[in-house]
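Please open the structure in your viewer and keep the selection tool at hand.

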Amino acid sequence: LVRGRGASVVLLLAPGGMRSSISMWQKQPIDLWSFFPDDEFTVVAMDQRNATLESPAPLSATSPATWTTYNEDQLAVVDAAVGNGVSFSIAGSCIGPSYALRLMRDVPSRVKRALLLQPIGVAAYTNEPCAPWTGMNTDATTHWFGDWAKEMEASNRASRTELDALYTSLFSSAVEGRREDDPFVFSVLRDDVRSLTQP
């Protein structure tokens, strides 16, 4: 979807984990879909693949989607909405910062800046002060992947094998050399972020 006709283009990458969709902004303290003035901004937003019944995409056990797959979707939506190659800013929450950081790394000429809100990732502690993290995404996984996966399987939109392959592709500690002893976001490495030049 596109809202506004301003000169500044903003890509919104919604919260919700695997349910990342435009409607999730309405559940946030600040609804960014409605936040930007129409005369100053062109806001582009989308439901990520398989986030809703209206955004179906095939799943594969042998060739699962990757962070790059999702970024290709996002770039295609921006190109269709405002023109090929147009640069833009990003505002993302929850899973959105993982998408955003990957875009900033892989297509730096397109991304001007990013606002990263409540990013998911692995950390030494949960968001509760002094509460130890009991394992890689234990409780959070149930919220932003596990419940979605159960719905996908129950509605025959995906098999357990396909869902396991997707989880491994996106969130495994082995993805692109991510180390268990160096917790960070899922889509890029700490060194990738250190090398970014965009604010």
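Which residue forms a salt bridge with Asp73? Select Asp73 and Arg49: in this predicted model, the two residues form a salt bridge whose closest N and O atoms are 2.7 Å apart. The pair links distant parts of the chain, 24 residues apart. Asp73 belongs to helix H2 (residues 67–82), whereas Arg49 lies in the loop between strand E3 (41–45) and H2. Both Asp73 and Arg49 are buried.

Next, remain on helix H2 and select Asp79, together with Arg110. Here too there is a salt bridge, with 2.7 Å between the closest N and O atoms. Is Arg110 buried or exposed? Its relative accessible area is 10%, under the 20% limit, and therefore Arg110 counts as buried.

Now turn to helix H5 (residues 160–171) and select Arg160 and Asp164. Their side chains meet in a salt bridge of 3.2 Å, N to O. Both residues lie in H5, 4 residues apart, which is about one turn of the helix. Arg160 is partly exposed, at 33% relative accessibility, and Asp164 is also partly exposed, at 39%.

Finally, select Arg102, Arg105, Asp106 and Asp192 together: a network of salt bridges links these residues. Side chains of opposite charge can pair when their charged atoms come close. How many salt bridges are found in the whole structure? The search finds 10.

Technical notes:
Residues are numbered from 1 along each chain as its sequence is written. This is a predicted model: local features need pLDDT of at least 70, side-chain atom pairs count only at pLDDT 80 or more; totals for chains, interfaces and linings use all residues. Side-chain values use heavy atoms; hydrogens and water are left out. A salt bridge is a side-chain nitrogen of Lys or Arg within 4 Å of a carboxyl oxygen of Asp or Glu. Helices (H or I, at least four residues) and strands (E, at least two) are DSSP runs, numbered from the N terminus. Buried means under 20% relative accessible area, exposed over 50%, partly exposed in between (1.4 Å probe, protein chains only).
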